[in-house]
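The sequence and the structure are shown first.

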Amino acid sequence: MRKSTNQSLKPVTTRINNNGNLEIGGCDLVDLAQKYGTPLYVLDEATIRSVCNDYKEAFSAYPKVNMMYASKALCTLATSALLSKEGFGFDVVSSGEIYTVYKAGAPMKKVLFNGNNKSVDELTLALDLNVGRISVDNFLELSLLNEIAKGKNKIANILLRITPGIECHTHEYIQTGHLDSKFGFDLTQIDEAVELILTEYKNIKLHGLHAHIGSQIFETKVYYDEIEILVKELARLDEKFGLKLDEINVGGGLGVKYTDKDLPPSTYEIADVIIKSLNASVEKYGIEPPTLFIEPGRSIISTAGVTLYTLGSSKQVPKGKTYQAVDGGMADNPRPSMYKADYLAEIADKPSDNPVQTVTIAGRFCESGDILIREINLPKIEEGDILCVFNTGAYNFSMASNYNRVSRPEMVLVNNSQSDIIVKRETLDDLVSKDLIPDRLK
Ligand code: LLP
């Protein structure tokens with residue numbers, strides 16, 4: 001089957017240029033590090049567009065598809081504007097994400113609001129901005145949403161988030177579809193929710209069902225099974241309540257290639273399995289083909305991103321490892337310390353040099369667990385070399401913190417030899433801008 005961009009370890013425009021340096025989007029990474037400073041998130045526009053094309057082509061065989069990007073992977077004004085131009089809607093999970101895609105000019109009818117504990121303020125904002133769908137997660141939310149919608153004389157258009165009971169083999173913290181999950185209605189609770197909607201909650205209109213089974217998924221069969229469960233439920237609700245639901249949202253989850261050990265399926269394989277399952281299930285359960293929603297995050301944005309660091313101090317433990325420090329770490333990329341995630345890196349100013357040593361890349365934060373890469377073979381390191389860590393587009397900036405009161409890095413979007421800042425580096429004044437000193441301490 002055809003390869004797709006999520007199977008690539010590096011951005012599609014990565015090459016070694018005439019200076020012998022790594023280049024992405026036509027921009028020399030050493031020049032970028034000099035111009036903008038490090039740590040620096042670099043995002044390649046061509047890679048993002050290439051993934052979007054993969055998704056659009058892969059799903060073109062099914063007539064009714066709503067593609068949404070899961071903003072939690074990376075949510076900025078520029079990326080939202082770009083993905084919106086590519087025709088994607090958005091899965092959002094907070095007022096902040098709703099507001100960002102709104103400010104980026106995304107059509108709000110293509111936005112779906114998710115989350116297991118949405119606040120009254122968040123639901124109100126979603127209704128005020130006419131967010132297209134709200135994926136309702138639990139009984140409390142159903143009643144809150146109905147009240148708020150009633151107060152505004154509006155109808156809230158919803159999906160019900162369900163837990164399909166599917167276990168996929170990914171890190172425990174990023175599994176979501178198994179039965180013992182904090183997300184969504186258990187299969188045994190769906191009927192009660194539907195009954196409430198049909199009898200009491202007059203300001204809610206139910207359109208379909210939603211599930212999400214996990215993240216960084218390499219299997220395809222789990223999607224086949226998930227869809228069968230969703231379609232079976234649609235057919236069952238039709239039979240029991242005479243309810244014609246015509247939407248299913250299968251979530252996101254397609255994996256990416258962080259290291260050579262990772263072999264994610266292609267977008268085309270995933271689409272093929274999803275469409276096959278849909279066609280077979282629709283036939284088996286005798287319902288009209290529903291509109292399909294997908295909401296991938298990581299597979300859209302991860303491969304496009306790299307992080308540049310300057311290599312600094314090192315420590316050779318007597319008869320032990322060599323720690324090589326960079327000027328960032330767990331605050332700009334918490335994934336290694338949170339999930340034991342692996343990353344690959346190269347020295348941007350000597351990508352062709354042969355590896356001569358095995359080092360542990362340590363972050364600059366005051367914690368022993370702040371290790372970015374456990375063991376990596378690199379060429380001879382000189383102070384000031386620029387390290388390029390690949391596949392940092394997803395869940396890096398979006399989970400970044402100011403731990404140790406360190407500013408979050410700048411982010412640039414590169415394309416056709418041009419680089420544009422899309423998120424500014426925080427200044428020292430930014431860091432204290434929200435702090436207040438009570439008068440008695442002045
Ligand atoms: N839809 C729902 C309802 C989700 O909860 C998620 C991710 C997605 C879509 C997008 O999944 P993706 O295509 O990105 O796999 N911080 C973790 C990942 C957490 C994923 C949470 N939900 C990490 O860094 O690996």
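## Ligand site

In this predicted model, a polar backbone atom of Arg298 lies 2.7 Å from an oxygen atom of the ligand. Side chains also take part: an N or O atom in the side chain of Arg335 is 2.6 Å from an oxygen atom of the ligand, while an N or O atom in the side chain of Glu295 is 2.8 Å from a nitrogen atom of the ligand.

The ligand is surrounded by 19 residues, of which the closest are Ser215, Glu295, Arg298, Arg335 and Tyr395.

## Backbone geometry

Tyr395, one of the residues closest to the ligand, has a positive phi of about 55 degrees although it is not a glycine, and it is found in the loop that runs between β19 (386-390) and β20 (410-415).

Elsewhere, the peptide bond leading from Thr38 to Pro39 is cis, with omega near -10 degrees, and Pro39 belongs to the loop between α1 (29-36) and β4 (40-44).

## Packing of α2 and α9

The axes of helix α2 (residues 45-58) and helix α9 (residues 267-285) come within 9 Å of each other and cross at roughly 30 degrees. Angles under 35 degrees count as roughly parallel, and α2 and α9 are therefore roughly parallel to each other. The crossing in which α2 passes α9 is right-handed.

On the α2 side, Asn53, Asp54, Tyr55, Glu57 and Ala58 meet Thr267, Tyr268, Ala271 and Ile275 of α9. The residues of this contact divide into five nonpolar, two polar and two charged.

Terms used:
Residues numbered from 1 in each chain as written. Predicted model: local features only at pLDDT ≥ 70, side-chain atom pairs only at ≥ 80, totals over all residues. Heavy atoms only, no water. Axes fitted to C-alpha atoms, helices over the stretch in contact; angles between N-to-C directions. Helix = DSSP H or I, 4+ residues; strand = E, 2+ residues; numbered from the N terminus. Parallel < 35°, antiparallel > 145°, perpendicular 65-115°, else oblique. Left-handed = near helix turned anticlockwise from the far one by under 90°. Contact = heavy atoms within 4.5 Å. Nonpolar A, V, L, I, M, F, W, Y, C, P; charged D, E, K, R; others polar. Near = heavy atom within 4 Å. Polar contact = N/O pair within 3.5 Å; in protein donor to acceptor, adjacent residues only side chain to side chain.
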